[in-house]
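Visitor: I'm new to this one and don't want the whole tour at once. Please pick a single part, take a close look at it, and then show me how the rest connects to it.

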Amino acid sequence: MISVAIATFNGAEYLQPQLDSILAQSVAVDEIVICDDNSADGTVTILENYQKEHPGKFRIFRNPQNLGCAGNFEKALSLCSGDIIFLADQDDVWLADKVEKMLKCFTTPQILGVYSDSLVVNAKLEAQGKTHLEIRNFSPDLLKKLPQFKNFIRRVPPAAHDMAIRKTALKYLLPFPKQPNVHDSFIGITIAALNGWEMIPECLTLFRQHGANASGSGKSDSGIAGQLRAAKQSAKSDTFAWNAKLHAFVLARLKDRIDDENETLLKARVAHSQSRSKMGKCNWFHRAFLVGIELFSGNYFRFARGIKSVIQDLFLR
């Protein structure tokens with residue numbers, strides 16, 4: 001049985017093309033589970049119309065209180081009945097063979113999840129000349145070069161909209177950590193720590209960017225000015241503490257379930273993120289000392305962006 005989990009919130013403008021693309025798959029899905037987070041536009045009306053037109057296909061739930069994006073996806077996943085669950089955003093469009101191609105990759109029980117790439121498009125679905133993996137500075141060759149966890153622990157390659165997972169993986173994934181905007185990274189890191197990902201190196205989704213996306217993962221700051229802005233914002237918002245908490249949660253959740261190498265990497269990642277978080281609370285000389293420790297240990301290259309992150313910590317705080 002195949003399920004699709006969708007979290008909706010004020011998505012009326014782009015929702016119908018996404019639902020149509022899911023219904024038009026070359027391999028039909030069995031159920032579409034949608035949790036709506038108190039939408040104030042016409043989202044629920046659209047969903048109810050689809051439910052009437054396709055009886056038995058749609059299961060729609062309205063949250064009595066706002067759960068946020070991650071909480072809403074957590075609820076949707078928990079309500080899915082399928083052996084394989086696809087995650088879908090409300091504003092994208094699937095290519096007609098997405099389900100078919102991804103299902104073929106679940107060849108063994110050890111494969112807990114499959115992800116593909118997605119083509120970045122604008123609000124009118126016009127290609128923007130880049131893919132999601134390219135924006136995140138990944139290529140198929142790079143992803144195959146290192147063991148998957150060494151890639152994921154540095155920066156998670158796929159977003160949730162590119163993922164399909166086994167229902168059996170939910171015992172490791174639910175409930176999510178109580179952090180904002182956590183579900184993409186948490187799902188990615190957790191399954192990678194279990195060595196459970198398979199990748200399809202092609203675009204199977206049109207990843208629509210329209211200025212009001214819940215996630216910023218489709219945006220690219222490729223120029224120097226854009227990278228400086230992103231680095232300053234990262235330091236200002238202390239994303240390092242967020243990462244330390246996330247990886248510590250994964251470590252605790254998967255205790256005694258992962259191999260020694262991945263456990264060691266997780267512990268080192270937590271310590272690195274905690275050290276970088278501490279840097280924002282001390283004077284420059286103390287910060288330079290901490291930077292030196294992380295630099296000579298190789299952690300900036302193992303878990304961050306190398307010399308760029310060194311410069312960020314020394315001069316952009």
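Guide: Let's start with Trp242, which counts as partly exposed because its relative accessibility is 23%. On this scale, buried means under 20% relative accessible area, exposed means over 50%, and partly exposed is what falls in between (worked out with a 1.4 Å probe, protein chains only). Before we go on: this is a predicted model, so local features need pLDDT of at least 70 and side-chain atom pairs count only at pLDDT 80 or more, while totals for chains, interfaces and linings use all residues. Residues are numbered from 1 along each chain as its sequence is written, and side-chain values use heavy atoms, with hydrogens and water left out.

Back to our tryptophan. Trp242 sits in helix α11; helices here are DSSP runs of H or I with at least four residues, strands are E runs of at least two, and both are numbered from the N terminus. Leaving aside residues up to four places away in sequence, Trp242 touches Gln179, Pro180, Asn181, Val182 and Ser185, where contact means heavy atoms within 4.5 Å. There's also Ser277, 35 residues away along the chain from Trp242, with 9.0 Å between the two C-alpha atoms.

The axes of α11 and helix α12 (residues 260-279) come within 8 Å and cross at roughly 155°. Those axes are lines fitted to C-alpha atoms, for helices over the stretch in contact, and the angles run from 0 to 180 degrees between N-to-C directions. So α11 and α12 are roughly antiparallel to each other; that label is for angles over 145 degrees, with under 35 being roughly parallel, 65 to 115 roughly perpendicular and the rest oblique. Their crossing is left-handed, a word used if the near helix is turned anticlockwise from the far one by less than a right angle, and right-handed if clockwise.

Who does the touching? From α11 the contact takes in Phe240, Ala241, Asn243, Ala244, His247, Ala248, Val250 and Leu251, and α12 brings Glu263, Leu266, Lys267, Arg269, Val270, Ser273, Gln274, Arg276 and Ser277. Sorted by class, that contact holds 8 nonpolar, 5 polar and 4 charged residues. For the sorting, Ala, Val, Leu, Ile, Met, Phe, Trp, Tyr, Cys and Pro are nonpolar, Asp, Glu, Lys and Arg are charged, and the others, Gly among them, are polar.

The loop between α11 and α12 is where you'll find Asp256. Asp256 has a positive phi of about 70° although it is not a glycine, and at 74% relative accessibility it counts as exposed. As background, most residues other than glycine have a negative phi, and most peptide bonds are trans. Asn38 also has a positive phi without being a glycine, near 65°; look for Asn38 in the loop between β2 and α2. For an exception of the other kind, Leu174 and Pro175 are joined by a cis peptide bond with omega about -5°, and Pro175 is found in the loop between α8 and α9.

Now for the rings. A search of the whole structure finds 8 aromatic pairs. One of them is Phe186 with Phe249, edge-to-face at 5.6 Å centre to centre and 75° between the planes. Phe186 lies in helix α9 (residues 183-193) and Phe249 in helix α11 (residues 239-253), so this pair ties together parts that are 63 residues apart in sequence. Phe186 is buried at 0% relative accessible area, while Phe249 is partly exposed at 27%. Trp284 and Phe285 make an edge-to-face pair too, at 5.5 Å and 90°. The rule for these pairs: rings of Phe, Tyr and Trp (its six-membered ring) pair if their centres lie within 6.5 Å, and planes under 30 degrees apart count as stacked, over 60 as edge-to-face and the rest as tilted. Elsewhere, ring pairs link Tyr115, Phe152 and Trp197 into a cluster.
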